[in-house]
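Please read the points below with the coordinates open.

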Amino acid sequence: MPLSYTIAVIAIPLIMFLFLGLSGVKMGKKTTGIIGVIAMLITTILAYGVALTYFFGSSEGQIVDGVRKAVTVFNPDWLTFSDTLVVRMGIMLDPIAAMMLIVITTVSLMVHLYSLGYMCDHHGNAEKGFQRYYAFLALFTFSMLGLVVATNLFQIFIFFEMVGVSSYLLIGFYYTTPAANHANKKAFIVTRLADLFFLIGILILSFYTQTFDFFSNNVNGIIGMLDDPQASLAQAGTTTFMGCSAMAWALTFIFIGGAGKSAMYPLHIWLPDAMEGPTPVSALIHAATMVVAGVFLVARLFPMYVLVQGTMDIICVVGAFTAFYAAAIACVQSDIKRALAFSTISQIAFMMTSLAVSSADGQLIEIHGGYGLGFMASMFHLFTHAMFKALLFLCAGAIIHAVHSNENDKMHGLHKYMPITSIAFLIGCLAIAGIPPFAGFWSKDEILVAAYEKGIGWGIWMTMVAGMTAFYMFRIYFLIFHWKKHEVHTEHEPADQPWTMTLPLIILAAISIVAGFVPAAKLVTWDGTPLHTQLNWTIAGTSVLIACIGIGLAYKMYYKENDLPERMANSCRGLWTAAYKRFYMDELYQFITHKVIFQGICKPIAKFDRAIIDGFFNMLAEVTNRTSFGIRKMQSGSIQGYVYFYLIGVLLLAVITMACVLL
Amino acid sequence: MDYSQFLMMPQEIGLLIVFLLVFIYDTFMPARAQRFLPIFTTILFAIYTAFSFIPCQMGELFGGMMETNPATWVMKCILNIGVFIVFLQAIKWTNEDFVSVRRGEFYELILLTLFGMFLMISSRHFLLFVIGLETASLPIAALTAFEKRHYESHEAAAKYIFTAIFSSAIFMLGISFVYGMSGSLYFNDIANALSLISSKSILLFVAVAFVIAGVGFKLSLVPFHQWTADVYQGAPTAVTSYLSVISKGAAAFAFLIILVQVFGSAYHQVWEWMLYAIIILTITIGNLFAIRQHNLKRFLAFSSISQAGYIMLGVIAASTVGMASMIYYILVYIFSNLAAFGVIAAIERQTGKVTMDDYNGLFKTNPWMAFTMMLAMFSLGGIPPFAGFFSKFFIFVGAASTGSVAIYVLVFIALVNTIISLYYYLLVVKAMFIRQDECAIPYIDSHWTEELGMTISVMGIIAVGIASNVYTFMSQISDSVIHIFHLI
């Protein structure tokens, strides 16, 4: 399949957004949904075709000297600022873009299908706003696809904002509930704040490089420039500001933008609240695709990040801390979606850390043929995580749909009632816990290898977090499906959901089992050179062992109803409460924004605005009005008056000018 | 005589041919074919407009009395587009009972005045200029009096003809002074002769003031503006829209040429100060009166006075940048004002309503008309991303690029006036969209020609703003006529 078909992959969701958004209300609700699913199916097939052609084809100049190069399918000029500074809009395919095409379309298709069942009540009637929902899903898919195939930073930024907007719209889908309104505002503001830094980073970078493009045919793009020591980018490396090079500043700012979308500490606070949206949306946006946009961004600029050790260290520390921090909170949450949200934060932090540790230089290059192991592991984990986390969320959605609650204590003992969901959830848990041969094992093992090679401390830390992951996931699993007998508290017994919801679970579960065998090391590397990896049995064995300990602990504490969790919680009540309250981060933000910023800064500015700025315009209006009233007699309507006015005007003009010029 | 020089003025020749064809049709065609005169004229004019875009050989004609260059070419093309839209909007009106007997005259007079304006734009000799000016002025009085059954129409025409004659007299007097001092009527010769006069004679100040007054009358600059409101209100709407955009655009361009080419040398400073005062007065007084108007045609009259002040900012810049921004401004202004007049004309034709209160709740009954009007108001007010924002922006940049403190003050005053103007432009929008009315204007079934005219205007408002290369093109055109500015 020609790579130029990528344009169709992107165009179909956009057309669907316009079509469903504009004419959806005129059609039946179910019809819109079915049209959406069919369009998404076509998109998915095309995306697979394009991605597989890219990975396994050899025409169109993808492979040069055994290295898989990025292919710019097309890249027309959009805005021309100067001869060199041009914003283009185009499509570029490279290993990570092709991989993301597969991830996005797969999960999106599953979610489209699943929503057909989920967005209906128990009598099969579609909810209010069904058409709007499908239109927004299409908008999101379009924005995300546009982001990954972007040829330049500016395009990435535009689509970065667009995924933010569609995420905002979907979180607030139930716009009549206050919680959803608060959540979407919070998500939008926090990510926008981060995007401000991203924009500054882009501007710094483009100031030095005079281009936004990553690669370009005629002039060097940002990344292409790295090979050329004479390039203006070198100047960015040497110009310093406050002790750091301009390039380091730019890259750090860009990372902050990515950290906002990818919910790195301390910008993670929006993600748990974003769970107010419909659960399929959480699966698509807040687990599988949009939240990894930050990781994708760092990966996209990875050839630059490896040059700046300082920035990589920051990312490394932030990532490792976030992984642990979110895992700790996930251990005590009682709301199933929030627990999964924190699990997502933790897993994304794994990917970030993995990217950051891969800058370690030296002998690594000889061992692994390049410092791209962490990069490869990160992208591989991104791929597998998207699949099993989407699976977990969709399972959670099925459970919530059955029992009408997000809370653990309304569930318990569901295994008997919902066997398919139970097994699918179990597969998801095994995958995320890193038990072979499930998908998570393979990708997490590569991450741990990369971390150990950065330093033994990083390795032990990440292994520990991996153990916690196993613990909290199985805690959730046991609490939902076992613990004690289910008490039916709704008018009907919980049961497996209709086929539209079950089929995606089965497909994703199947993918979660086999995805680990995808030869990612051969395909998804930072410079296109295949890596030769082999399983490091010491590290893999250790991590499996730790994971098993975590699972065992969870089994002991949560499989059958007992008072062990309660006693454990009581023994360190303070820590437990702190973790349950998410270490008071939201309260801290409340304090800073309301007490410090609103009271201390905004209020005086508001006063100035009212008194001085508004005052000026009010005065202008008042003066205008009065003068206008005063001179209304000038327009007398009599022609003699007009001519007098004319003549006096001419003469005054001559006299006054004469006075001005001559005197 | 060398007839080949006629090839350098194909736009004028083409216009004359159109005029003659229309005249022949009007005179010799049978009565039942007269019904198709408007559509015949419009199609003929459309063909001519399309052909007028073809660049041709340009240069001096008639021994230097006339000059065609890229700038005059582009200016005439813009005017052609405007007249085409005016014709589209007038078709239905000229077929109405009271007008239909004289519809041929409407088209012939408009074509004739357009020819006069072409002469004004291209002339490099005061004699030719005056011929152009008068050709473009006098028939307007007849056009203004077109609605014979309306008392206001007559009054407006009387006021117009008297002030026009008076201002022509003043203008001629000014020219005779200039001739007395320089001994020539050729623009270039006058400029050369004046640059040799070292002392700044009082006579010259008076002469410059008189010339400015003469052309300022056509542009309705304050204090030569007072006919405007009465004439705009009294004249038929098709004529008003023609007067407010086409006539104004042509005069503004001619004004720039005269000031820069004739008085460009030592007297730049003189007219700069005069223009400075005139601009401030024009913008401010236009705004102040516009605030109080309830009749929309009167309202647009004062709005167009204030817009003329903005156009003059391009003249005071006296540079290629100023010229480019001025041409661009006129183009945008033509689209915006014609969109507004298109709506007003369509509504007036069917209901006879023209006051702002009549437009209450228009959005509910006629959403597309309200939308068109809103875009026109936004564009006139300079709200991004519509073309009016960019035209204001460029004209401010053009003026400010001269870099003197006085001009900065002028631009600031103009900016403050923009805020004031927003108020009254938005009043119209408020009436249409926010105010409710039980007896709002019912749904208007406008003719397809009117709709086409409005559509072209709206497309212009949107497209000219977005396509940044329009302005780039204008500046290339202006750079190619840099010889006009050699005296500055």
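1. The model is a predicted one. Chain A contains 26 helices and 8 strands. Its radius of gyration is 29 Å, close to the 26 Å that the globule rule gives for 663 residues, so chain A is as compact as a globular protein of that length. Along the principal axes, the C-alpha atoms of chain A fill a box of roughly 105 × 65 × 50 Å. Of the 663 residues in chain A, 52% are buried. Among contacts in chain A between residues at least 6 apart in sequence, those joining residues at least 24 apart account for 79%.

2. Overall form of chain B. Chain B is built with 20 helices and 2 strands. The radius of gyration of chain B is 22 Å, close to the globule-rule value of 23 Å for 488 residues, so this chain is as compact as a globular protein of that length. The box filled by the C-alpha atoms of chain B, taken along the principal axes, is roughly 70 × 55 × 45 Å. Buried residues make up 57% of the 488 residues in chain B. Of the contacts in chain B between residues at least 6 apart in sequence, 80% join residues at least 24 apart.

3. Nonpolar cores. The largest nonpolar core has 218 residues, of which Leu101(A), Val298(A), Met379(A), Ala390(A), Leu391(A) and Leu394(A) touch the most other members. Helix H16 (residues 373-403) of chain A contributes the largest share of this core, 22 residues. Leaving aside neighbours within four places in sequence, Ala390(A) is in contact with Val107(A), Met110(A), Ala283(A), Ala287(A), Ala288(A) and Leu508(A). A second, separate core of 187 residues includes Phe106(B), Ala156(B), Phe289(B) and Ile334(B).

4. Helix H6 of chain B. Helix H6 (residues 126-144) of chain B has 19 residues, which at 1.5 Å a residue should span 27 Å; the end C-alpha atoms of this helix are 27 Å apart, in agreement. Among the buried residues of H6(B) are Phe126(B), Phe129(B), Leu133(B), Ala136(B), Ile140(B) and Leu143(B). An α-helix has 3.6 residues a turn, so residues three or four places apart point the same way. The partners against which the buried residues of H6(B) pack are helix H5 (103-122), H7, H9, H10 and helix H11 (237-262) of chain B.

5. Cis peptide bonds. Most residues other than glycine have a negative phi, and most peptide bonds are trans. Pro437(A) lies in the loop between helix H17 (419-433) and helix H18 (439-454) of chain A. In chain B, the bond from Val222(B) to Pro223(B) is cis, with omega near 5°. The loop that holds Pro223(B) runs between helix H9 (202-219) and helix H10 (227-234) of chain B.

6. Positive phi values. Ala263(A), a residue other than glycine, has a positive phi near 55°. This alanine, Ala263(A), sits in the loop between helix H8 (246-261) and helix H9 (270-273) of chain A. Tyr584(A), also not a glycine, has a positive phi near 60°. Tyr584(A) is placed in the loop between helix H24 (573-580) and helix H25 (585-630) of chain A. Which of these two sites is buried, and which exposed? Ala263(A) is buried, with 29 other C-beta atoms within 10 Å, whereas Tyr584(A) counts as exposed, with 12 C-beta neighbours inside 10 Å.

Conventions. Residues are numbered from 1 along each chain as its sequence is written. Chains are lettered from A and ligands numbered from 1 in the order in which they are written. This is a predicted model: local features need pLDDT of at least 70, side-chain atom pairs count only at pLDDT 80 or more; totals for chains, interfaces and linings use all residues. Helices (H or I, at least four residues) and strands (E, at least two) are DSSP runs, numbered from the N terminus. A residue is buried if 20 or more other C-beta atoms lie within 10 Å of its own, exposed if 12 or fewer, and partly exposed in between; C-beta atoms are placed from the backbone. The radius of gyration is taken over C-alpha atoms; the globule rule is 2.2 Å times the number of residues to the power 0.38. Two residues are in contact if their C-beta atoms, placed from the backbone, lie within 7 Å. The expected span of a helix is 1.5 Å times one less than its number of residues. A nonpolar core is a set of buried Ala, Val, Leu, Ile, Met, Phe, Trp, Tyr and Cys residues joined through C-beta atoms within 7 Å.
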